[in-house]
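Q: Got a model here I'd like to go through. Can you take my questions as they come?

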Amino acid sequence: MDKEITTLDELESAIYEILNDPTKASMEDLERFKMNLQPISIHIEDKDHPSAISAEMLYTFTSYQDLIYRAVKIAKYGYTSKHLSDEDKNGFTLYVTFRQGSLFSDIDLQSIMESAVEKMNGWQLFGGFTFAVLVWGIVKCFGIYSNNERITKQDFNRSQERLAEIQANKDIAEAQIKSIGDIAKLAEGITIASSNALETLAKVNGSISINGKQYQRGELMEMAKTNRDDFYGNGSEEIDSEPEIKQKFISGNFLTSRIDLKVDSSGKTIDKRCINLINVDTGETLKGIEISGKNMTAEQRDMILNAVDGKPLELKMTIAYRDPETIDSIYILECNGKSFEQPELF
């Protein structure tokens with residue numbers, strides 16, 4: 001980023017410049033953000049609930065707050081496992097304005113960006129890049145910025161590969177590759193949260209406008225699908241036949257059962273450990289959830305293993321799946337009353 005960034009076109013160009021050459025990222029990048037971001041204004045005319053907003057939509061706004069805090073962690077510390085103090089969080093609270101009658105809600109990211117610019121001294125190399133991805137991703141998912149360019153998961157993977165090739169210091173390269181990986185997870189979280197929000201809006205019995213443009217139910221569902229397809233690369237011809245990745249929020253009491261030990265190609269070494277989660281209330285079974293290796297934290301692993309064939313686990317989580325039999329990932333939001341500050345992937 002070598003000049004002031006005042007438009008979404010310039011923000012997009014800066015993001016792709018760093019994706020193409022991660023060594024161009026700078027601790028001074030945030031100083032160049034001179035954008036005037038307009039709030040994302042959602043106008044809801046719900047015939048059944050004229051002065052109310054659903055819990056699903058409120059959950060979307062909560063998800064955005066988690067994502068903002070995750071961005072602060074990456075920008076300031078370079079990784080997401082760091083605990084944020086109250087001082088770290090100061091200035092990064094997302095405020096959503098509601099008005100009665102035909103319901104309006106404004107998602108205002110301007111103050112978040114201004115706080116990032118103000119507090120950026122001493123932040124990590126990818127601090128500016130992190131907040132660029134955060135803002136551009138949310139705006140893009142809601143159709144506010146509608147050219148054909150999209151950041152994909154493959155873009156981040158290629159950026160990590162380039163960094164490994166061009167960074168001479170191995171230790172520095174590993175740390176920076178991890179930072180880009182955390183930013184990729186941030187971008188994925190933005191895609192999931194925004195797509196869920198669009199699908200929730202599509203359920204409204206009435207009309208929906210986003211920044212003055214009215215959308216039909218089918219258009220909102222298609223926007224959600226496009227967001228996911230573009231991020232995961234499902235739009236390419238090579239993988240067009242792959243099942244669509246879907247996301248949904250699940251909460252309830254679950255029994256854990258069956259630890260399946262999967263062996264490697266030699267047939268001798270245990271490669272993976274997987275469990276099933278059975279929803280006590282609905283009978284739904286989430287099968288083949290991997291708990292080995294780096295797929296979950298030690299704390300989460302202990303919670304799961306201690307509950308096998310025992311007392312139910314009270315869980316709130318978001319799952320990504322291709323079909324009911326194939327779970328790609330699960331983000332734990334809360335387990336047995338313990339709230340995680342941000343979703344943890346296992």
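Q: Among contacts between residues at least 6 apart in sequence, what share joins residues at least 24 apart?
A: In the protein chain that share is 65%. Keep in mind that this is a predicted model.

Q: And how much of the chain is buried?
A: Of its 346 residues, 47% are buried. The accessible surface is about 16,900 Å², and carbon and sulfur atoms account for 47% of that area.

Q: What's the count of helices and strands?
A: The protein chain has nine helices and 11 strands.

Q: How does the lining of the second largest pocket divide into nonpolar, polar and charged?
A: Nine of the lining residues are nonpolar, seven are polar and six are charged.

Q: Back to H2. How far does it reach from first C-alpha to last?
A: H2 covers residues 55–77, 23 residues in all, and reaches 33 Å. That is close to the 33 Å expected at 1.5 Å a residue.

Q: What comes just after H2?
A: Gly78, which takes a positive phi of about 90°.

Terms used
Residues are numbered from 1 along each chain as its sequence is written. This is a predicted model: local features need pLDDT of at least 70, side-chain atom pairs count only at pLDDT 80 or more; totals for chains, interfaces and linings use all residues. Side-chain values use heavy atoms; hydrogens and water are left out. Helices (H or I, at least four residues) and strands (E, at least two) are DSSP runs, numbered from the N terminus. The expected span of a helix is 1.5 Å times one less than its number of residues. Buried means under 20% relative accessible area, exposed over 50%, partly exposed in between (1.4 Å probe, protein chains only). Contact means heavy atoms within 4.5 Å. Accessible areas come from the Shrake-Rupley method with a 1.4 Å probe; for residues, only the protein chains shown count as cover. Ala, Val, Leu, Ile, Met, Phe, Trp, Tyr, Cys and Pro count as nonpolar, Asp, Glu, Lys and Arg as charged, and the others, Gly among them, as polar.
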